[in-house]
Amino acid sequence: MTEFDKEWWDKFRYKEVKEILELTGNKNSDYTGGDKCSNPFENFDGSTEFGIDPLVGLSLRMQDKFQRLKAFTRDGRLSVNSDGDKPRDIFRDLIGYSLIAIGMLERSKK
């Protein structure tokens, strides 16, 4: 048995998803204006003031993250590499943005 076997992978995935859920919940509160705001997409919905669909605005934020990952894969490092700004955090942010996008898609069905 290796250290990184399927048992490890299952534990890792569940722990990681739990941490991402906590992180995205806290970030959502901060980015939407606090606990009193009931719209989880408030910050992205604001893009309509500039004539930009919220899903397009979210996709642009994701593109920023991919650009940073491209820099990391090319250079092997990030120029800004502080707490909350490491390659792992970029992937977590992309998961968070993906969850928001899926929520927006669900909302658009109604």
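Helices (H or I, at least four residues) and strands (E, at least two) are DSSP runs, numbered from the N terminus. By that rule the protein chain has 4 helices and 0 strands, and Asp 45 lies in helix 2. This is a predicted model, in which local features need pLDDT of at least 70 and side-chain atom pairs count only at pLDDT 80 or more, while totals for chains, interfaces and linings use all residues. Residues are numbered from 1 along each chain as its sequence is written, and side-chain values use heavy atoms, with hydrogens and water left out.

**Overall form**

- The elements of the protein chain run α-α-α-α from the N terminus on.
- The C-alpha trace of the protein chain spans about 55 × 30 × 25 Å along its principal axes.
- Of the 110 residues in the protein chain, 26% are buried (buried means under 20% relative accessible area, exposed over 50%, partly exposed in between, with a 1.4 Å probe and protein chains only).

**Largest pocket**

- A pocket is an open set of points on a 1 Å grid over the protein atoms alone, where a 1.4 Å probe fits, with protein on both sides within 12 Å along at least five of seven lines; lining residues have an atom within 4 Å of a point.
- The largest pocket has a volume of about 340 Å³, a volume being the space filled by probe spheres set on the points, which are joined across faces, edges and corners.
- Helix 1, helix 2 (42-45), helix 3 (54-75) and helix 4 each give two or more residues to the lining of this pocket, and helix 4 gives the most, with 7 residues.
- The lining has 18 residues, and Thr 24, Lys 27, Gly 96, Tyr 97 and Ile 100 lie nearest the pocket centre.
- By type, the lining divides into 8 nonpolar, 5 polar and 5 charged residues (Ala, Val, Leu, Ile, Met, Phe, Trp, Tyr, Cys and Pro count as nonpolar, Asp, Glu, Lys and Arg as charged, and the others, Gly among them, as polar).

**Asp 45**

- Asp 45 counts as buried because its relative accessibility is 18%.
- Asp 45 and Leu 55 are 10 residues apart in sequence, and their C-alpha atoms are 8.6 Å apart in space.

**Val 17**

- Val 17 is placed in helix 1.
- Val 17 has a relative accessibility of 47%, so this residue counts as partly exposed.
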